[in-house]
Structures are given as structure tokens and as C-alpha cells.
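Reader: I have just opened this model and would like someone to walk me through it. Could you take my questions as they come?

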Amino acid sequence: MMTTTHTARDTRPFAVVVAAASLPMFMATLDNLVMTNALPVLHDKLGASVEQLQWFVNAYTLTFASTILLLSALGDRFGRRTVFLLGIGVFTAGSILAALSTDPGQLIAARAVQGLGGAGVMPLSLALLTGAVSTRRRPLAIGIWGGVSGLGVAAGPLIGGAIMSGWNWQAIFWINVPVAVVAIPLALYGLRNDFGARARIDVLGTVLVGLGVLALVHAIVRGNDDGWDSLGVIAELVAGGILVLAFLLWEWRTRAPLMPLRLFRDRSFSVTNIVGFGFSFGAMGAVFILIQYMQVVQGATPFEAALRTTPWTMAPMIVAPLAGIIAPRVGTRILMVTGLLLQGAALTWLALQMSVTTPYADMVVPFVMAGIGMGLVFAPSATALLATLGLADHAKASGVNSTLREIGIALGTAVLTAVFLGAGGQLVPALYVTAAQPAVLTGAGVLFATAVAALWLPAGRSTASPTAVRAPDAAKQVVAAEASPR
């Protein structure tokens, strides 16, 4: 049975609706990389190893990625705002546990709780937003949402560094508590409790994809220490691949899939997901390496390192809303391809000039390039993702995209760190530089390859809404088929 979907219309002030959907999403995306600047500090304060430093990031992203589709389905069934609010609560509880952690194991576990909460926030924020604003104002809303999303990811190191300089590393988690106190009543007032298809929950699909992704990332993380030809690493890689394949086969045959494979028949949706994965892999993996370069090699404090990245982190906040507005007119393809090429070129530039004596001034222009490129990808990606999908599919479509992007962050961090460690990288200046260069160049190569893939996007020029509902009767039939019992 399907009980959604209100006709999209303005029921609350536009600014309130956008803020209600965007503020919790900002909090969740911020914590993707808010710890990046804290990693050298945590290495000293908690005695964390390089592998544990990776898991401070990956525990969040993997839990996030593994449960997004499940929580999107729960939102469709029990109410998107209900699950959205529950996600904010769980995320805040995880933040408190993280702040109270006294050893690496406790912090890794707390980060996993945060990831579970974030999975209830990120995909549903976009679905709630597009359902709450009018068709006419949807491009602007998505543009602002994209800018806030980009700012959350990119500003994580900046905010983390600023907080640690003024207080301590625990404060990067305590700061989420007052944000949640504001976000919950704002969401209750500004957002409707929309529903999607009340289908049976795909528990088996959740288990298969979660274990599969975990096995793959864990194998990559331990590859350098245990040896890439070791039985344990090979077994995990094979097991992870088999589990992911089993997940896809199960999704193909079940009538209530977490990831409706029919969505991938849409070229815009399919290519946008490739772009989301590749972008997250290359760009976010490189951020993990570069932010530590400024501390380990250039001797910057966490705040100084974060402040130096502001040409990169602030640009998406300006560029993404503008890109969201003009995307229906010039097309999402040209914006996204240009953005990916700018980021790839910027990372290549940074890698080639990286040395123990490189002055910060030489990094400013490529940072600006990377920031502009990031802004040109965020909002157009959201527009292209939902371009021809009905409102009933928005939560699951956003969930699929969020899952692939989070997997991209986890794999990008793991693979680029593996390249770094494989090249003899250590947390000392000379050895860090020689190993960081091939790692960052790997990220650049992934971005260039993703730009080529983005050429297959439809041109996307339209003066109509980027989220127009197509074939309503056919869409209802598809959703009803998915919701019916086997």
C-alpha cells in the first residue's frame, strides 16, 4: 500500500523548510571528515595506530553506507520525518559516546553509532525537501541543499581544527548536541511526515550489502600489514565480492528491494551514481592525505591546517547554489564534467609540487580550483539524480546515491592510505611526502576517469523542474508491485 505523497507545495516559509532539511544533513555530512584534522592529535592522545586512525573515519562511513538503504525503506514505511528525527537522536547519542571515549576501541564503536544515526538523516533530508517545496522553487532549494552538503563535507576539517584549538578533541563531538537541540523542533515545524511505499523491509539485503562492503574495506585496510597475497586478505576480498554479488542478485528477484534495480534503467540516475562514487573516492580520499600533510610536513596546528583549506572548503557554499539554479538551463552534464576535471587537475597540481619545503602560497590556486570543482558537482548531482523520477522514488533514489558515495569515501580513504603505506609512508616529514604524492595522484586519476564517465549523462537542459514526475500511473503500478507481498 502506498500512502504518500502530498503534492509538492509551499506549506511553510521557504527558508524554514530548507533550514529544517539542511541543518541535520549538514551535521551528518560534517562528521564524515570532521575528525581528519584530529587524527594526528588522536595518534598522540589515545595512542592510536595508523590502522585505527583509518577506522575512526571508516567506522562512521561504513555503518552509514551499510544502513542508508534500510533506513530509507523504514522512512517510506513509518514516515520519513519520523525516521529523520530518530536519526538525529541516534546521531547525537553517538556524538556523546564519542566525546566520552577513553581508548581507540570505544571511539570506533561510538563512531559506528554516529554512522547509524547519520544514515537516517542524509537520504531522507533530500526526499523531505523535494516533497515540501513547490515545483517552481525546487531547483533553488536543491541548489542550497547541495551547497550546505558540500560545505558540511569540505568544512569538516576546518571546524574540527577550530574547535580543537579552542578546546580539545572531545569538543568536536559535543558541538553536535546544541545543533540537535535546534534541529529537532525545526524539523517538526518545517517538514511534513511524508510516506512512501509501505513495503516489507528487506532484512536479507541489508545484511548482504553491509557484510560485503565491510569485508572489502577491511581487506584493503589490512592489506599492507598482512600482505596482499596473504590468505586472510584474499579470502576477505573474495568473500566481499561474493556477498555484494549475492546482494545484487537478491535485489533483482525480491519484490521489496532496498535498492530497486529498475531505477538503474534511467541513464541519468545510473551515471550520477557512478559520479557520486568516483567523486567521493578521489576527492575525499585525497582530503584525508592532504590535511595531515599540512600538519605532519608543514608543521601547522590543527586549526592552522584547517584554515589553510578555506579556499577549498568555502567555494562550494558559493558555487553549489549557483550551479543548482543554472543546471536546468545549461545542463547538468557540462557542470559536472567541468567540476570533476577541475578537481582532478587541482589534485595533480598539489601532488606534483608537494615537498618538505613547499610554501602554503603555492597551494592556494589549486585549492580554489578544487573548491569550485566540488561546488559544480554537488548540486547538479542532486538535480540529475532525481531528474526523471517520481516523488515516491526520491527517498530510495537518494538512499542509493548516499550509499554509493559513502562507500566511495570509505574505499577512497582505505585505498589511498594503502597506496601511502605501500610507498613507505610514515608520520614523519620526508617519508610522508614521498608516499603522499602517489596517493594523491591516485585520487586525481579516479576523478579524471569519473569525468569521462560523466560524459554519458543526458544534457539535462530544461526550464522545467529537475524533479518532474514522469508517468504517474506507471509509477504507481511499479510502486504497488514492489509493495505487494511475495
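Reader: How much of the protein is made up of buried residues?

Author: Buried residues make up 59% of the 486 residues in the protein, where buried means under 20% relative accessible area, exposed means over 50%, and partly exposed covers what is in between, with a 1.4 Å probe and protein chains only. This is a predicted model, in which local features need pLDDT of at least 70 and side-chain atom pairs count only at pLDDT 80 or more, while totals for chains, interfaces and linings use all residues. Residues are numbered from 1 along each chain as its sequence is written, and side-chain values use heavy atoms, with hydrogens and water left out.

Reader: Which residues touch the most other members of the largest nonpolar core?

Author: A nonpolar core is a set of buried Ala, Val, Leu, Ile, Met, Phe, Trp, Tyr and Cys residues joined through side-chain atoms within 4.5 Å. The largest has 133 residues, and Leu42, Leu107, Val217, Phe279, Ile289 and Leu347 touch the most other members. Helix H12 gives the most to this core, with 16 residues. Apart from it lies another core, of five residues, which include Val319, Ala323, Leu335 and Leu376.

Reader: What does Leu42 touch, leaving out residues up to four places away in sequence?

Author: With those set aside, Leu42 touches Met35, Gly47, Ala48, Leu53, Phe56, Leu107 and Trp169.

Reader: Back to H12, then: is it mostly covered or mostly open?

Author: H12 is mostly covered, with 27 of its 30 residues buried. Its end C-alpha atoms are 43 Å apart, which agrees with the 44 Å that 30 residues should span at 1.5 Å a residue, the expected span being 1.5 Å times one less than the number of residues.

Reader: What caps the N-terminal end of H12?

Author: Asp266 does, through a side-chain oxygen that lies 3.0 Å from the backbone nitrogen of Ser268. Such a polar contact is a pair of N or O atoms within 3.5 Å; within protein, one must be able to donate a hydrogen and the other to accept it, and residues adjacent in sequence count only if both atoms are side-chain atoms.

Reader: Is Ser268 buried or exposed, and what is it in contact with?

Author: Ser268, which lies in H12, counts as buried because its relative accessibility is 7%. Leaving aside neighbours within four places in sequence, Ser268 is in contact with Ala384, Ala387, Leu457 and Pro458, and a polar atom of its side chain lies 2.7 Å from the backbone oxygen of Ala384.

Reader: Switching to rings, how many aromatic pairs are there?

Author: Rings of Phe, Tyr and Trp (its six-membered ring) pair if their centres lie within 6.5 Å, and planes under 30 degrees apart count as stacked, over 60 as edge-to-face and the rest as tilted. By this rule the count comes to six aromatic pairs. The rings of Phe264 and Phe269 are edge-to-face, because their planes stand at 70 degrees, with centres 5.1 Å apart. Phe264 is partly exposed at 28% relative accessibility, whereas Phe269 is buried at 0%.

Reader: Which way are Phe277 and Phe281 arranged as a pair?

Author: Phe277 and Phe281 are tilted, at 6.0 Å centre to centre and 50 degrees between the planes. Both lie in H12 (residues 267-296), four residues apart, about one turn of the helix. An α-helix has 3.6 residues a turn, so residues three or four places apart point the same way. Phe277 counts as partly exposed at 29% relative accessibility, while Phe281 is buried, with a relative accessible area of 11%.

Reader: Which residues form one aromatic cluster?

Author: Tyr60, Phe64 and Phe91 form one.

Notes
Helices (H or I, at least four residues) and strands (E, at least two) are DSSP runs, numbered from the N terminus. Contact means heavy atoms within 4.5 Å.
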